[in-house]
Amino acid sequence: MGESEAGHVSDEEAIDLLVKLVSIPSVSREERSAVEFLSGWMSERGLPSRVDGAGNAVGSQGFGSREILLLGHIDTFPGEVPVRREGDLFYGRGSVDAKGPLCAFAVAAARASVADDFKVTVVGAVEEEAATSKGARRVVSDRREHSVDPYCCVIGEPSRWDRVTLGYKGRLLLDVKLRSPFSHSAGQAPLPAEVGVGLWQEIERYCEEWNEKLEAKSAFDRVLVSLRSINSEDAGTIGIVRLSIGFRLPERLSPAELEADLSERLKELGNDLDLSFSGGEVAYRSGKANPLVRAFLKSIREHDGNPRFVVKTGTADMNVVAPHWPNTPMLAYGPGDSSLDHTPDEHVDVGEYLRSIDVLSGVLRGLMA
Amino acid sequence: MSDKKLECPECAGSVELKADTMEGEIVQCGDCGVELEVTKGDSAFALQPAPEEEEDWGE
């Protein structure tokens, strides 16, 4: 049975919230219905809510100067996963990434008794999956207007109920347009598509060189590169090859540094190239010696867990907001297995979801004690 | 309340806890450098190795 300081959200209501929010499709830029539903739910349960200028659902309780910010995202990756319950497992797009964590935030905040000098805010941010992070940027700009950084911030992403996420890798996206003259396919000169493949292999080698230079062993410390798409087309006497490439960056390599260095390297190849970089975010790893980490470790142990830390190879809204609030303790937390993110098998264990709410309730109690 | 000294479970060195130390806090052993978590023993604080750091794919 869940803890319920204020006693006005039962476990059954918590599950109902998850089912209903996951049932409302909300791919990036089409979040409005889900935002209005969540906003209404929070308002009815003691978290007066509004929809901000970016389209985020924002609910809060308390009027103190120390803000505990629970920043989740309400948009999902595309692709339908039929909403259904199979025993303890609840399936649906966003059940893990990241409506499960967001619903856990809303329930825990609604159950909390907020101390006089505190304020608890829940944000269901838009466009986290779109690489624009429009919602998170609005959260930053709102607080910059008032010159007040949050007292602490929890990002809503799946970590498992008994782990806390300390960091995410950085990111850089690259779109390449390559023009290469055709030659006879029986000749010796490479065809445009082959030149494109060669370019990709060169970029792979380039990343390996970085990893050797950084002496990087773990996935978090390495430069990871993926070929998101490649296609070629005929344009008269030349062929055009388009490559879409994603880089996941370690703490020791910024997007700006990679962009400058890689641009130089590709220029040396002498191909006719257009390079378009976007979506740059620096890697972030939170410290462990702060009140937020302390509150999580204590609460997880109180709920018979053996707490662990984790760092992720992906990128989240933590990368967007953390550089703006260097003194704000920050981590990511939420129920679910992040390896199910974006998959057709996306599901969350309902028992784990409820347990994460209990842990969050303990964290809020601990922070405001 | 005065500062307390506890034994590091890794190297048996002495770890000094500040008077305002709280349960769940992460401290570092000055001798071996290992990170330690302050936990609640039967009646007083105890130290144990801090949770390990894992790596996960995804967000």
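**Notebook: sheet, cores and a histidine in chain A**

I looked up A:Val225 and found A:Phe247 of E11(A) as its bridge partner. This is a predicted model, with local features needing pLDDT of at least 70 and side-chain atom pairs counting only at pLDDT 80 or more, while totals for chains, interfaces and linings use all residues. Residues are numbered from 1 along each chain as its sequence is written, and side-chain values use heavy atoms, without hydrogens and water.

I traced the sheet next. Four strands of chain A form an open, antiparallel sheet, in the order E10-E11-E9-E12. Strands here are DSSP E runs of at least two residues, and helices are H or I runs of at least four; two strands pair if DSSP finds at least two bridges between them. Strands E10 (224-235) and E12 (272-281) of chain A are at the edges. I noted eleven bridges between E10(A) and E11 (238-249) of chain A.

I then checked the cores, each a set of buried Ala, Val, Leu, Ile, Met, Phe, Trp, Tyr and Cys residues joined through side-chain atoms within 4.5 Å. Buried means under 20% relative accessible area, with a 1.4 Å probe and protein chains only. The largest has 64 residues; among those touching the most other members are A:Phe296 and A:Tyr353. A second, separate core of 25 residues includes A:Phe247 and A:Ile245.

Last, I looked at A:His303. It lies in the loop between helix H7 (291-302) and strand E14 (308-312) of chain A. Is A:His303 buried or exposed? I log A:His303 as buried because its relative accessibility is 13%. Its side chain reaches the backbone oxygen of A:Ser299 at 2.8 Å.

Key. Chains are lettered from A and ligands numbered from 1 in the order in which they are written. Buried means under 20% relative accessible area, exposed over 50%, partly exposed in between (1.4 Å probe, protein chains only). A polar contact is a pair of N or O atoms within 3.5 Å; within protein, one must be able to donate a hydrogen and the other to accept it, and residues adjacent in sequence count only if both atoms are side-chain atoms.
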